[in-house]
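The following paragraphs lead the reader through a predicted model. Please keep the sequence and the structure in view while reading.

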Amino acid sequence: MIAGLLAAVFLGTPCGMVSPVEASAFDLDSIQVPDIEGIESVSTMRAPVPVARPVRIPAEELIGLTAEATIPFAAVKRGLEQVAASDPRVTITDPLLPVAIKVGEFMRLQNIHIDIGGIKVDPVITLKPYLEARNKIAIRVQRIQLHVEMQPDRMKAASQMSQEDIMAKVMEVAITGIMKALNGRFAAGQIPAKAEDLVTLRYDKAAWTLKADVKTTFVQKYLPPALFARPDITAFGLYEKGLTLKVSTR
């Protein structure tokens with residue numbers, strides 16, 4: 001409105017200048033409607049709306065996080081119990097006995113029964129957990145002992161399977177069960193996410209290694225992005241009573 005009035009006042013004056021005489025002689029009472037034509041069209045002008053640009057804050061200016069967690073072998077057992085609850089092919093042989101223990105620098109997995117299409121396996125697996133790279137967890141099979149039972153109609157198929165093949169089948173069942181159990185936990189907690197949003201699991205048969213790519217961007221969605229840098233898994237291994245995990249943003 002102010003811009004429109006100024007335009008009307010200086011209308012017809014070259015370069016928008018008013019001489020002192022004209023200014024002093026200007027009578028507000030003499031303004032007529034025709035004299036201020038164009039005020040409406042001018043007054044509807046708006047300043048350009050600023051375009052919002054994403055603010056990029058340097059990582060060194062964000063709050064850093066460092067957290068160390070321990071995962072007791074009892075928690076590993078509870079996790080396997082949830083896997084067994086979601087997949088009938090997996091059972092805990094004796095609910096009173098542990099399923100994971102530390103043996104030297106390795107973890108031994110036992111007390112598990114797996115049905116692979118009629119081929120029943122009771123494995124004792126010696127594992128080496130380690131961090132392959134940031135957010136890349138690896139569990140290598142160091143040694144395996146297999147007690148295998150099979151139905152008569154499965155004997156021919158089983159005789160053609162090597163230990164590597166059986167181990168790959170065991171891992172296939174384990175991966176399916178883990179993803180099902182995670183989705184079950186998300187659904188129970190009403191978390192709008194899928195297991196695939198958190199982790200990708202695959203078994204490298206040639207290297208005898210289970211690999212997990214953890215997507216820490218899933219966690220970052222629950223942190224204010226303008227305050228916290230992205231968290232990463234920076235350590236993974238064993239301690240006397242379980243597994244250790246370190247998460248940090250530096």
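A pocket, as the word is used here, is an open set of grid points, on a 1 Å grid over the protein atoms alone, with protein on both sides within 12 Å along at least five of seven lines. The largest pocket of this predicted model has a volume of about 1500 Å³.

Which residues lie nearest the centre of the largest pocket? They are Ile-71, Gly-79, Ile-178, Leu-182 and Leu-243, out of 39 residues that line the pocket. By class, the lining comprises 35 nonpolar residues, two polar ones and two charged ones. The element that gives the most to this lining is helix 6, residues 163-188, which supplies nine residues.

Three strands make up an open sheet, with the order 1-11-10 and antiparallel pairing. Strand 1 (66-72) and strand 10 (232-239) are its edge strands, each of them pairing on one side only. On average, and with direction ignored, neighbouring strands of this sheet are turned by 20° against each other.

The pairing of strand 10 with strand 11 can be followed in detail. Strand 11 covers residues 242-248, runs antiparallel to strand 10 and is joined to it by seven bridges. Within this pairing, Phe-236 has Leu-245 of strand 11 as its bridge partner.

A helix also belongs to this part of the description. Helix 4, residues 73-86, lies across strand 1, strand 10 and strand 11. Relative to strand 1, helix 4 runs at about 70°.

Notes: Residues are numbered from 1 along each chain as its sequence is written. This is a predicted model: local features need pLDDT of at least 70, side-chain atom pairs count only at pLDDT 80 or more; totals for chains, interfaces and linings use all residues. Side-chain values use heavy atoms; hydrogens and water are left out. Two strands pair if DSSP finds at least two bridges between them. Helices (H or I, at least four residues) and strands (E, at least two) are DSSP runs, numbered from the N terminus. Axes are lines fitted to C-alpha atoms, for helices over the stretch in contact, and angles run from 0 to 180 degrees between N-to-C directions. Contact means heavy atoms within 4.5 Å. On a 1 Å grid over the protein atoms alone, a cavity is a set of points where a 1.4 Å probe fits but cannot get out, and a pocket is an open set with protein on both sides within 12 Å along at least five of seven lines; lining residues have an atom within 4 Å of a point. Grid points are joined across faces, edges and corners, and a volume is the space filled by probe spheres set on the points. Ala, Val, Leu, Ile, Met, Phe, Trp, Tyr, Cys and Pro count as nonpolar, Asp, Glu, Lys and Arg as charged, and the others, Gly among them, as polar.
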